[in-house]
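Good morning, everyone, and thank you for coming. Please look at the sequence and the structure on the screen while I talk you through a few parts of them.

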Amino acid sequence: MLIASALSALLALAVFGVLAGGEMWRHRVVYLGCAIASLVLLAGGLKHLGQTPGTGPAIVLPIGLPWMAAHFRLDNLSALFMVIVNLGTTAASVFGIGYCDHVPEPRRVTPFFPLFLFGMNAVLISDDAFMFLVSWEFMSLASWLLVLSDHRNEESRSAAFVYLMMATFGTFCLLTCFGLMAGAEGGYSFPAMRLHGMDGLTSFLVVLLALLGAGSKAGLVPLHAWLPLAHPAAPSHVSALMSGVMTKVALYGLIRILFDLHGHVAWGWGAVLMGIGGVTAVLGVLYAILQDDLKKLLAYSTVENIGVVVIGLGLAIAFKDSGEKALAALALVAGLYHIINHSIFKTLLFLSAGAVITATGERSLNKLGGLLNRMPWTGAATLVGALAISALPPLNGFVSEWLIFQSLFKGPSLPHWAMKFGVPVVGAMLALAAALAASCFVRAYGIAFLGRPRSQAAAEAHTLPFSMRWSMAVLAALCIILGAVPVTVTDAVSHVVQPLTGVSFAVSADLGWPWLSPVSSTRGSYSGTVLVMTGLSLFVICIVLVHGFGTTRVRRADAWDCGHRENIVNAQYSGESFAQPLRRVFCSSLFGVKETVTMPDPGDMAPAKLEVRVIDRIWVFLYLGIGRVVGFVADRVNRMQFLTVRRYLLMMFATLVFMLLVVAVRQQK
Amino acid sequence: MTAILGQIAQIFLVVALAPLITGWVRLVKSRLNGRIGASPFQPYRDFYRLLQKEAVVAHSASWVFRAAPYVTFAAVWLAACIIPTFTTNMVLAPAADLIALVALLGVARFWTALAGMDVGTSFGGLGASREMMIASLAEPAMLMVSFSLSLITGTTSPAQIIAFVLGGGVGIEVSLGLALAALIMVAIAENGRIPIDNPATHLELTMVHEAMVLEYSGRHLALMEGAGMVRLTLFMALISGIFAPWGMAQPGAGALGVALGLGAFLAKCFILATALGFFETVIAKMRVFRYADFLGGALLLGLLATIFIYVSEAV
Amino acid sequence: MADISQFSYEVAHLIGATVLMAGFQLLYQRRLFAVLNTFAFQALALAAAAAWQAHVQHAPHLYITAAIALVFKAMIVPFALHWLVEKLGIHRSVETAMSIGWTMTSGVALVALSILLVLPVTANAAALTRESLALAMSVILLGLLMMITRHNAVTQVVGFMALENGLILAAVSAKGMPLVVEISIAFSVLVAMTLFGIFFFRIRERFETLDLNDLETYRGDRQ
């Protein structure tokens, strides 16, 4: 009931947001209301997270289609995602209280923000296909409006267009997918779909369409192209939600269909998912390394992390179809854990990007630098986020990657040869993606927050309002807690995977608290808690020994730099120069990177120029290719608008006869 | 109780022994070069000298620069705590496995690279950028080695792997050979040894690790160098422990067993350090962009090691 | 196979794996002399493999194969090629049609392919025979890969000989294979002929006789 009132409050806030006009305090009230509603929803999700599977509250409302009431239900999976979503939305709303002054046009943002939150939450609790799709569209359109908020910018407009096209495509695929699952009788409620059996071809199409529909929203390669355009175009707290939270709703859709509604997906699809996940992870992070725009870099890193999650999901499908239920549960736990983690640290990093933009007005890495000295709070929180997303212990990102590796290492026990050979390759890709992510975030953090300021704006960065700092600090604390005490998450998630894989699974069963030992205690174990305690004591011993035996004196001086005492700020490594070795090693064939150096003639005072050309092959070949085909077909079809009436009649007649023929042939069977 | 004692002994052994091993490698190299060389105990004296000196910190440096040496050293030290050297009976052994080990070394690297970029000089950035390029291939290679080891022995925990090998669970396997080759290549890269990096160079164009720690002095420098030495010891313990674990004390071993394990570990380190010194003398350093081929080769060897298991094991 | 112990098989496979590793090394090298040294090492490993098999199978004729591999391939051919390269002033860096990283990645894919091929065919055979067959087939495929991804004639010859090493490895590992010695002699003659052929063409090229102008467009090396 509380959840329902929180959701209606969000709708009311949207109306209030429309009326807010130019008064800033009214915008603040909207964001405050959003934060409170999100907190209520978060509490609701937490309350139902541990419920016995199959006992979630359900409600039927007499709205929607005339012959079908709207079904809502909060089962364990929905509850988990409700927690994930509202954790992010709470932080973003609190951030918004301080941030709404700095948005270019707050009146185009504030009304749609609560609608966006409403849409995402409604997707999670829908219990029939109709409500699911309506909420899904609600979420897409609200976020589309938010992307378009900076509509005077040409880049934002084209990003919004691409986003709208992809969202339409995704919804179309999901609509068809649900239609196939409902069957000819039209059982559109989820319980009816679970009971409905499918033949081979239908099953194949359902999975394919779900993958296209939810995958395009989540940003799987090659359907990712819209994501790095649309996510950065929105105001930063909305970007945080789109990247950190909305992609999770898309994954929720994928999990709901593949593990719950469909229920028995063939292992081959698991292999496909793992392959796509591996490619997505590696390509996503390589794209990220090449970016100069801080928000684009984060958006591409989202693509990478979605790939990592999808590897876990694919593995879970393969294990489930082969009857290895415990391992399927482990892989799914790993995937869900990574979903939780990514929603936290990606929201954090996007919020900190928003903070940087607020403080300096710059989002290009090469204009930043030295921000840690100017913005110690933001800098520290971002450092935690960067360490977590680079999968470094003892933070949360490492635990989920560890679990995914542990389940991957059991992959060769699958009976299929494709899996036996594929799993090591996917493992290598995942490892590569993790290592590259560390490089990517050393680059992002080192260039933006460390070193010397590269522009006047960065040198004069100002401090931020209280609410913005607080939301980041809480998220950073969560990164540490979920990493240092991983058992809390795995235990909470174990209830969620029970209905999906058939077994309840506790990762810590074997050794007890606080040890993670996924398969057995001799198979390999990890304890963030013990590691943190030992690490801290070693750290202290280290300080005591060094300071005890030596001196504690410090002298401040100019940088030595091998004796080069030139004080040129631009002699620092820039984003491009940092990425150069990686660009040469990994991107020369994948992205067709070409570097050309133009040296001036002797005596010419012009500076030498280095030009780097990068081709996004997927964009050029797939998207522009499809665009060209559509244009070509449209030109041809255009002629049909200038036919004689007789020919139009002929066409209608031919169609009618064809349809009748189809009916006749089908009746013969 | 013995597990706790073993652990504490291990924690201090690695730190106490690490400078000696590095000193020995230096001695071997200078003898092979025809020089007399410093005593193998010289690194201890260097540490004492560095600790007495004041630390010079650049004006533009932030707190990351000052915290990085401590974090780096603690992370490497922590990693070294979980690799059995003379006994597998340690309380911390289950706290982290090979995957966590790779990640802990990653923590050290992350902070060192950040520290390199913190002062805002071109050399620091150069070192950080190259180091991360090397790591982006060396880390996956090491994870693939862990993958093949976990397939052969059924576990990712170093102590359990060693127990398995000591128990006669594995014969001479092709995969194990491939994994050893890959691990040695990774170890060379991770420790910045020739042919990837030269620990003795300060030539601007070739340095990688040295470029990152260029701005450090006094106790900060001592910690950074100490971390490098502990890392070298760690990799020696890992390689010798997994591929030649003979002599290591098992749970339940008496005082004699522990003493034997200690002696065996010292002997193995001695042999490996001598071999390293010899190898570094006869080989030339690579060009920077050949690293990718070398480490990519290590990654592919790791992959081959996992694939070959399907042939050798009766499936 | 009861008379052959587990240990002898393990050693045989380790030597086989060394031959395979040398095959990878050949793909990795960028200098012509390094390629020749690696090839000599591969031949040495092959000789060791043949000798080991001769020892464990009690088949003295395999010692002849080992001797041929040792004397002819590990010594005479590398020396001859070395001499040729120096005398004819052939460019000493390896020119690749595909970057080294990608070549090695395809090499690993080929090894996986040969394992996949060998496994079902030998489903009933002992695991140990499968391993040697998989190794030998990988060496053969790597040799072929080397031939198609390197422009230089000398590297192509080395690729061909590496391929042939794989064949010999297969022949000596399978117990009771007839004509092993004959095969290795025949191949050695073939290699000698190829070498001689290269020598012959290069000499002609240097004197630029007109009657070979048409052939030049078809030569394998682009100097």
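**Helix H8 of chain A and the contact between the chains**

The buried residues of H8(A) pack against helix H6 (154-182), helix H10 (236-261), helix H11 (267-290) and helix H12 (294-321) of chain A, where helices are DSSP runs of H or I with at least four residues, strands are runs of E with at least two, and both are numbered from the N terminus. This is a predicted model, in which local features need pLDDT of at least 70 and side-chain atom pairs count only at pLDDT 80 or more, while totals for chains, interfaces and linings use all residues. Residues are numbered from 1 along each chain as its sequence is written, and chains are lettered from A and ligands numbered from 1 in the order in which they are written.

Among the buried residues of H8(A) are Val206(A), Leu209(A) and Lys217(A), buried meaning that 20 or more other C-beta atoms, placed from the backbone, lie within 10 Å of the residue's own. After H8(A) comes Gly219(A), with a positive phi near 95°.

Turning to the two chains, 71 residues of chain B are in contact with 70 residues of chain A, contact meaning C-beta atoms, placed from the backbone, within 7 Å. The largest share of chain B's side, 18 residues, comes from H5(B).

Finally, strand E3 (residues 554-557) of chain A pairs with E1(B) in the parallel sense over four bridges, where pairing requires at least two bridges found by DSSP. Within E1(B), Val57(B) stands opposite Arg556(A).

Notes:
Buried ≥ 20, exposed ≤ 12 C-beta atoms within 10 Å, placed from the backbone.
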